[in-house]
Amino acid sequence: MSDEQRQTRHRRAMEQLKAHVDERVAGADEERGQLLIFTGNGKGKTTAAWGTVTRALGYGYRVGVLQFIKGEWECGERARLEADDNLEVAIMATGFTWDTRNRDSDRAACQQVWQEAARMLADPNCYLVVLDEITYMLKFGYLEMAAVRQALENRPREQSVIVTGRNAHRELLAMADTITEMQETRHAFNNGLKARRGLDY
Ligand code: ATP
Ligand code: MG
C-alpha cells in the first residue's frame with residue numbers, strides 16, 4: 001500500500017469514527033443528576049468518589065460527603081478539602097469498625113449519619129452527595145433499602161449521588177445510571193504491604 005493509500009484509508013476511518021461519535025453525542029441529550037455506583041473488590045472506589053467531589057467543588061457546586069465507615073480514620077482528601085465552604089462532611093461519630101460486636105451502637109451510629117444523608121438528599125442546593133461505604137450498612141441491616149430507595153428516588157432532579165462499597169445491593173444497582181466495578185488484578189496488601197498514608201487514606 002502506498003503512503004497516499006494509507007493516508008486515504010486513515011482519513012476515511014477517522015471520518016467514520018467521528019460520524020459515529022457525533023451521532024452518539026447527539027443522542028445523549030438528556031440533562032439531569034445521576035446515580036453512580038463504584039463497587040467491586042479492586043482499589044479505587046473511594047478515591048474516584050473524592051475525585052468527583054473535587055471536580056464538582058471546582059465549579060463552585062455544593063457537595064455533601066457521608067462516610068459510613070472508618071469515621072475516626074484519617075482521610076487526605078477530607079483534610080485537603082474541608083476548608084471549602086461548599087463541602088459538608090458527616091462522619092460516623094462512634095467510628096464503626098469491623099471488629100465492633102455491638103450491633104445496637106453500630107446501628108445508632110449509622111442512623112445518625114443517615115439522617116444527615118437524608119437531609120442532603122432532600123436539599124436542592126446540594127449538587128452532589130457521596131454515600132461512601134453505604135453498601136455495608138445495607139448488607140449488615142443497619143439501614144433499610146426501602147428508606148434509601150425512597151430518598152434516592154425523591155431527590156432533586158439536578159442532584160447526583162455517588163455510592164461506594166463492595167457488594168452493592170441489587171436494588172441499588174438497578175437504579176444506577178453508571179456502575180463501575182473496580183476489578184482487583186493485584187493489591188499490594190496481599191504481598192504484605194501496609195496501607196500507606198497519602199495512597200490508601
Ligand atoms: P480507596 O479508598 O483506595 O479508593 P476503595 O475505596 O476501593 O479504596 P475499600 O474497600 O473502601 O477500597 O478499602 C479501603 C482500604 O482498603 C484502602 O486503604 C484501600 O487501599 C484498601 N484496599 C482496597 N482494595 C483492596 C484489596 N483488594 N485488598 C486489600 N486492600 C484493599
Ligand atoms: Mg472505600
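Tyr142 is buried, because its relative accessibility is 4%. Buried means under 20% relative accessible area, exposed means over 50%, and partly exposed lies in between, with a 1.4 Å probe and protein chains only. Keep in mind that this is a predicted model: local features need pLDDT of at least 70, side-chain atom pairs count only at pLDDT 80 or more, and totals for chains, interfaces and linings use all residues. Residues are numbered from 1 along each chain as its sequence is written, and side-chain values use heavy atoms, without hydrogens and water.

Now the rings. The structure holds three aromatic pairs. Rings of Phe, Tyr and Trp (its six-membered ring) pair if their centres lie within 6.5 Å; planes under 30 degrees apart are stacked, over 60 edge-to-face, the rest tilted.

Take Tyr59 and Tyr61. Their centres are 6.3 Å apart and their planes stand at 45 degrees, so this pair is tilted. Tyr59 is exposed, at 66%. Tyr61 is partly exposed, at 33%. Next, Phe140 pairs edge-to-face with Tyr142: 5.9 Å between centres, 70 degrees between planes. Phe140 is partly exposed, at 25%. Ring pairs also join Tyr59, Tyr61 and Tyr127 into a cluster.

On to the metal. Which residues coordinate the magnesium ion (ligand 2)? Thr46, through OG1, and Glu133, through OE, at 2.1 Å. Thr46 sits in helix α2 (residues 45-58), while Glu133 lies in the loop between β4 (126-132) and α5 (134-139), 87 residues apart. Helices (H or I, at least four residues) and strands (E, at least two) are DSSP runs, numbered from the N terminus. Thr46 is partly exposed, at 22%. Glu133 is buried, at 6%.

How values were computed: Chains lettered and ligands numbered in written order. Donors = N, O, S within 2.8 Å, 3.2 Å for Na, K, Ca; no water.
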